[in-house]
Amino acid sequence: MDSVLSEDPVALKILIAGGFGVGKTTLVGSISEIKPLRTEEVLSDRGVGIDDLDGVESKTTTTVAMDFGRITIREGLVVYLFGTPGQERFWFMWDELSYGALGAVVIADTRRLTDCFPSIDYFEQRGTPFVVAVNCFDDADAHSIEDVRIALDLDDDVPVMLCDVRRRSSAKEVMIALVEHSLRTLASAN
Amino acid sequence: MSDRPQWFDEEAGPVVRPYALIRGRTRSSGDAFDLVATVRTIGDPPDDSGPEQQHILRAARNPISVADLVAELDLPIGVVRVLLGDMRDHGLISVTSPAAGGARSNERILKEVINGLRAL
């Protein structure tokens, strides 16, 4: 297996998913150098009435560009982070993004927990390993991890964790939890 | 009654503005390039190459991912893929797809990633 990888740099993909305004951009920015990738779509007035801003009052613009981050582990081994477009009209990009992905982080906001249902459904159906990171917004009620697990009807082996996506150390813990989960998933499949 | 020319559909000509660089096309042999595929320069720039092609050829002297190229060129992903498809067809670059599932199913690499993340 190593011979396949010896010549090319090894590039791993991690997806950052979750509802609109949940903190995907912030998470990617906390842990890596972030650059936007422009997609084909241009934001138009189609977003009016579609992008539901309830509970995300401070968010006034939407991210049409796709978040893209990079963590260099060593020369020749790089982890790429791609923020999945939050709005449903960009779902056509998900299949491509998730192909060959190491796993996904689904960010949840307890004020709008249902927003992450589509992401969870998607990764469950594709068998992509994922973790759920509950972003602790300042004004959100504190919920226990068990409450969130039950509300999301997650399998027991799916890691659920509280996080603060603004903090680098917290973002790091989430990434480590995901790669460890992917490793366990791999080991149990073999 | 009007005798002014009326344009419908194709008669209006190609809609090129967002895609002028690639002559209005939105598809090419580069459609399937993975965002983390590796691009390498393997040929010399032809005399008629544009600034974007030259930029790509410079950037890909060392292996670079498609996503990194897209970020560096600051062009839409679809446009970069068409450019890359053309350039590969002309033998200017090589594009290597990541070994399907190769790296993510390699325990040693995943452990290395975990250790690398801890050391950040």
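Which residues does A:Val106 touch, not counting residues up to four places away in sequence? In this predicted model, A:Val106 touches A:Ala17, A:Gly18, A:Cys116, A:Ser119, A:Ile120, A:Phe123, A:Phe130 and A:Val132. A:Val106 is also one of the residues with the most contacts inside the largest nonpolar core, together with A:Ile14, A:Val105 and B:Val66. That core comprises 74 residues. In soluble globular proteins, nonpolar side chains tend to be buried together.

In chain B, three strands form an open sheet in the order E2-E1-E3, with antiparallel pairing. Strand E2 (64–65) and E3 of chain B each have a single partner strand and stand at the edges, so one side of each lacks a neighbour in the sheet. E1(B) and E2(B) are joined by two bridges, and B:Val39 has B:Ile64 as its bridge partner in E2(B). Helix H3(B) packs on this sheet, where it touches E1 and E3 of chain B, and its direction makes about 115° with that of E3(B). Within strand E3 (residues 93–96) of chain B, B:Ile93 and B:Val95 make up the covered face, whereas B:Ser94 and B:Thr96 make up the uncovered one.

Helix H1 (residues 51–59) of chain B has three buried residues listed as B:Gln53, B:Ile56 and B:Leu57. Viewed down the axis of H1(B), these buried residues fall within an arc of 95°, so they line one face of the helix. Exposed residues on the other side of H1(B) are B:Pro51, B:Gln54 and B:Arg58. The cover over the buried residues of H1(B) includes strand E1 (38–41), helix H2 (66–73) and helix H3 (77–89) of chain B.

B:Ser97 counts as partly exposed because it has 14 C-beta neighbours inside 10 Å, a residue being buried at 20 or more and exposed at 12 or fewer. Apart from neighbours within four places in sequence, the contacts of B:Ser97 are with B:Asp34 and B:Ala37. The C-alpha atom of B:Ser97 is separated by 18 Å from that of B:Ala71, and the two residues are 26 residues apart along the chain.

Definitions and conventions
Residues numbered from 1 in each chain as written. Chains lettered and ligands numbered in written order. Predicted model: local features only at pLDDT ≥ 70, side-chain atom pairs only at ≥ 80, totals over all residues. Helix = DSSP H or I, 4+ residues; strand = E, 2+ residues; numbered from the N terminus. Arc of directions from axis to C-beta. Contact = placed C-beta atoms within 7 Å. Core = buried A, V, L, I, M, F, W, Y, C linked by C-beta atoms within 7 Å. Pairing = 2+ DSSP bridges. Axes fitted to C-alpha atoms, helices over the stretch in contact; angles between N-to-C directions.
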